[in-house]
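Work through the following exercises with the sequence and the model side by side. Try each task before reading its solution.

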Amino acid sequence: MTGVGGRRVLLGITGGVAAYKAADLARLLVKSGVDLRVAMTEAGTRFVTPVTMQALSGQPVYTDLWDPRIPDNMAHIELSRDRELIVIAPASADFIGKLAGGLAGDLLSTLCSARRCALMLAPAMNVEMWRNPATQRNVAALRDDGVIFAGPADGDQACGETGMGRMLEAGEIFDLIQGFFAPRLLQGRRVLITAGPTEEPIDPVRVITNSSSGKMGFAVARAARDAGARVTLVAGPVSLDGPAGVIRINVRTAEEMFAAVQNAVPDCDIFISVAAVADYRVKRPATQKIKKGNQRALTLDLEENPDILAWVAARPRPPFCVGFAAESENLAEHAMEKRAKKRIPLLAANLVHEALGADDNSITLFDDRGAHPLGRGAKGELARRLVEHIAAMLDVK
Ligand code: PMT
């Protein structure tokens, strides 16, 4: 079970092609232990059937205000009262308009109107419908009322046009739901994170790099954001979308990463160095592509890159510093050595073959009190446990 296990969520589905993503969202929620109820508008049932949603949620699906299965005919009260969150995905322009106008003419709109819990909308519509001033007025009014918006995103649309209005992917909405339920352990803290590899040019074509995907660092950024922190993420070259609500600074080389960190570090309380920074760079990268010619061997003249984490930790009033170490052997021994050498309070150690590029990982934390195994799990889950550990260390300081 993840941090949302046992939470009570109602998923509402309105009419839109993106309704197929709601099936995936239901699967993710149920798999993570959420107690899920599903209600659909009549238009929603045209895109995905109640039978599908019933099979995925393992619960009866509700579509009608006059559902005879509800003994007192108060479906809108009965289905919403014990819920902690209602998520409408997809939320059509029509449905958003109804909610903004306070209309309650069918089960789902009545349910939203009568709710006592938070409401999250994942809009899905054509780009012009999204841009339409009436839609924008409705969205602004609902935001003012405290409704949470998950997206929409920019991109290709089912109608063949391109622009804002595409519904977020199921995983992205799931991520925001997890964030909604996360305890605000780092509320008000400013967190700076490095993630991914660096690329050190050899010539205009070749680079020295490593296979860090950025997944671990991005997961830590998400977990810190969900815990209420203001997060800045300095990312090496990776193909991941930045977590929403996080300030992202893209860099390529270790020197660029160092400059970005130097710039951001005066405004941070916690520095988490997840990046796999290249220790060396080519002294004089060739300005033109190196030709193979007749040479049997090629020697590169390397010089050391700055140690960003050690530099931050050595500042007069350093932020709380967390290092990472990926080792291929003797994990505990190397991790403890690194922590002492860099003079940092906390180090997260993982094995190269388990951590690099993978979705799951296994982490052991090392601090003054010794080793704390976090166990094995999805990087998102381990990142949440790391944030809990950091928050606990800061609380006792
Ligand atoms: O990106 P993924 O595919 O998800 O993989 C995640 C990861 C394996 C990259 C991550 O979990 C991890 O272990 N990162 C640290 C990699 C490493 O072994 O770093 P290191 O031993 O070279 O450095 C130790 C610490 O100093 C790290 O916190 C590193 O960010 C930092 N460092 C290192 C060198 C340098 N020049 N500057 C630094 O700041």
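**Exercise 1. Describe the surroundings of Lys21.**

Step 1. Begin with accessibility: Lys21 is buried, with a relative accessible area of 7%. Buried means under 20% relative accessible area, exposed over 50%, and partly exposed in between, with a 1.4 Å probe and protein chains only.

Step 2. Locate the residue. Lys21 belongs to helix α1, which covers residues 19–31. Helices (H or I, at least four residues) and strands (E, at least two) are DSSP runs, numbered from the N terminus.

Step 3. List the contacts, where contact means heavy atoms within 4.5 Å. With neighbours within four places in sequence left aside, Lys21 is in contact with Arg166, Met167, Leu168, Glu169 and Ala170.

Step 4. Look at the side chain. The side chains of Lys21 and Glu169 make a polar contact at 3.3 Å. A polar contact is a pair of N or O atoms within 3.5 Å; within protein, one must be able to donate a hydrogen and the other to accept it, and residues adjacent in sequence count only if both atoms are side-chain atoms.

Step 5. Compare sequence and space. Gly171 and Lys21 are 150 residues apart in sequence and 9.3 Å apart in space, C-alpha to C-alpha. Gly171 is in helix α9 and is partly exposed, with a relative accessible area of 40%.

**A note on the model**

This is a predicted model, in which local features need pLDDT of at least 70 and side-chain atom pairs count only at pLDDT 80 or more, while totals for chains, interfaces and linings use all residues. Residues are numbered from 1 along each chain as its sequence is written, and side-chain values use heavy atoms, with hydrogens and water left out.

**Exercise 2. Find where Ser109 lies and state which residues it touches.**

Step 1. Ser109 is found in helix α6, residues 107–113.

Step 2. The relative accessible area of Ser109 is 0%, and the residue is buried.

Step 3. Not counting residues up to four places away in sequence, Ser109 touches Phe95, Leu99, Leu103 and Ala104.

**Exercise 3. Describe how domain 1 and domain 2 meet.**

Step 1. The assignment gives domain 1 as 8–181 and domain 2 as 190–287 + 297–396.

Step 2. Taken over C-alpha atoms, the centres of the two domains are separated by 37 Å.

Step 3. Count the contacts: five residues of domain 1 are in contact with five residues of domain 2.

Step 4. Give the area. About 370 Å² is buried between domain 1 and domain 2, and carbon and sulfur atoms give 35% of this. Buried area is the accessible area (1.4 Å probe) that two parts lose on being put together, summed over both. Asp175, Gln178 and Gly179 supply 77% of the area that domain 1 buries against domain 2, more than any other three residues.

Step 5. Count the pairs. There are two salt bridges between domain 1 and domain 2, a salt bridge being a side-chain nitrogen of Lys or Arg within 4 Å of a carboxyl oxygen of Asp or Glu. Two residue pairs are in polar contact between the domains, both at pLDDT 80 or more.

**Exercise 4. Explain what parts the salt bridge between Arg225 and Asp175 ties together.**

Step 1. The closest N and O atoms of Arg225 and Asp175 are 3.4 Å apart.

Step 2. Arg225 lies in helix α10 (residues 215–226) and Asp175 in helix α9 (residues 170–181), so the pair ties together parts that are 50 residues apart in sequence.

Step 3. Arg225 is buried at 14% relative accessibility, and Asp175 is buried at 15%.

Methods
Domains from an automatic or database assignment.
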